[in-house]
Amino acid sequence: DGVVAGEGCHLRRQPRYRFDAKDVAFPSDKVMQGYAYILTHPGVPSIFYDHMFDWGLKEAITQLAEIRTRNGIHSGSALNILASDADLYMAMIDGKILTKLGSRYDVGNLVPSNFHVVASGNDYCVWEKR
């Protein structure tokens, strides 16, 4: 095991075993929705190596990670859930990012006029404050 610095400079043990996406039960057609959620919401996200390099998702995952970094999203970021239905989840994070998950296309007036789309894909969209 190696020792690595975690968020807030806490040290934690890093096991040598590398988890692969096949080690976690998650629907393969929802993977990018999952990354849109974990990379735009409070917490300490993890990214699977094989999603980046074997599944060809490097560009889309990197785009979401850059949005997170650019907006300073962290484990203590403020979360405001705007909608939570079977076909639509929308949340505002730190008043800077708006994330939409789900198949519903019409989100009504949930997107303020001073926000613009910075990432989108199958059943997810991320807006950023101008």
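View 1. An open sheet of five strands, ordered E3-E4-E5-E7-E6, is held in antiparallel pairing. Strand E3 (79-85) and E6 sit at the edges, and each of them pairs on one side only. Going from one strand to the next, the twist averages 15°. Keep in mind that this is a predicted model.

**View 2. Where E3 meets E4.** These two strands run antiparallel and are joined by six bridges. Look for aspartate 85, which stands opposite leucine 88 in E4. As a reminder of what holds such neighbours together, strands of a sheet pair through backbone hydrogen bonds, either parallel or antiparallel.

**View 3. The hairpin of E4 and E5.** Here the chain makes a hairpin, with three residues between E4 and E5. Aspartate 94 is in the turn and has a positive phi of about 55°. The two strands pair in the antiparallel sense over five bridges.

**View 4. E5, covered on both faces.** How many of the five residues of E5 are buried? Five of the five are, so the strand is largely enclosed by the rest of the structure. In a regular strand the side chains alternate between the two faces of the sheet. In E5, Ile97, Thr99 and Leu101 are buried on one side, while Leu98 and Lys100 are buried on the other. E5 also pairs with E7, in the antiparallel sense and over five bridges. Lysine 100 has cysteine 125 in E7 as its bridge partner.

View 5. H3 lies across E5, E6 and E7, and runs at about 30° to E7.

**View 6. The largest nonpolar core.** In soluble globular proteins, nonpolar side chains tend to be buried together. The largest nonpolar core in this model has 20 residues, and Met32, Tyr35, Ile61, Leu64, Ile67 and Val126 touch the most other members. Helix H1 (31-40), helix H3 (58-70), strand E4 (88-93), strand E5 (97-101), strand E6 (115-121) and strand E7 (124-129) each bring at least two residues to this core. H1 gives the largest share, five residues. Apart from this core lies another one, of nine residues, among them Ala83, Val107, Phe115 and Trp127. Zooming in on isoleucine 61, you can find its contacts with Met32, Tyr35, Leu39, Ile47, His51 and Met52, leaving aside residues up to four places away in sequence.

**View 7. Arginine 68, a charged name in a covered spot.** Arginine 68 is found in helix H3. Is arginine 68 buried or exposed? Its relative accessibility is 9%, and buried means under 20%, so arginine 68 counts as buried. A polar atom of its side chain lies 2.8 Å from the backbone oxygen of histidine 41. Not counting residues up to four places away in sequence, arginine 68 touches Ile38, Leu39, Thr40, His41, Gly43, Pro45, Ile73, His74 and Ser75.

Definitions and conventions. Residues are numbered from 1 along each chain as its sequence is written. This is a predicted model: local features need pLDDT of at least 70, side-chain atom pairs count only at pLDDT 80 or more; totals for chains, interfaces and linings use all residues. Side-chain values use heavy atoms; hydrogens and water are left out. A nonpolar core is a set of buried Ala, Val, Leu, Ile, Met, Phe, Trp, Tyr and Cys residues joined through side-chain atoms within 4.5 Å. Buried means under 20% relative accessible area, exposed over 50%, partly exposed in between (1.4 Å probe, protein chains only). Helices (H or I, at least four residues) and strands (E, at least two) are DSSP runs, numbered from the N terminus. Contact means heavy atoms within 4.5 Å. Two strands pair if DSSP finds at least two bridges between them. Axes are lines fitted to C-alpha atoms, for helices over the stretch in contact, and angles run from 0 to 180 degrees between N-to-C directions. A polar contact is a pair of N or O atoms within 3.5 Å; within protein, one must be able to donate a hydrogen and the other to accept it, and residues adjacent in sequence count only if both atoms are side-chain atoms.
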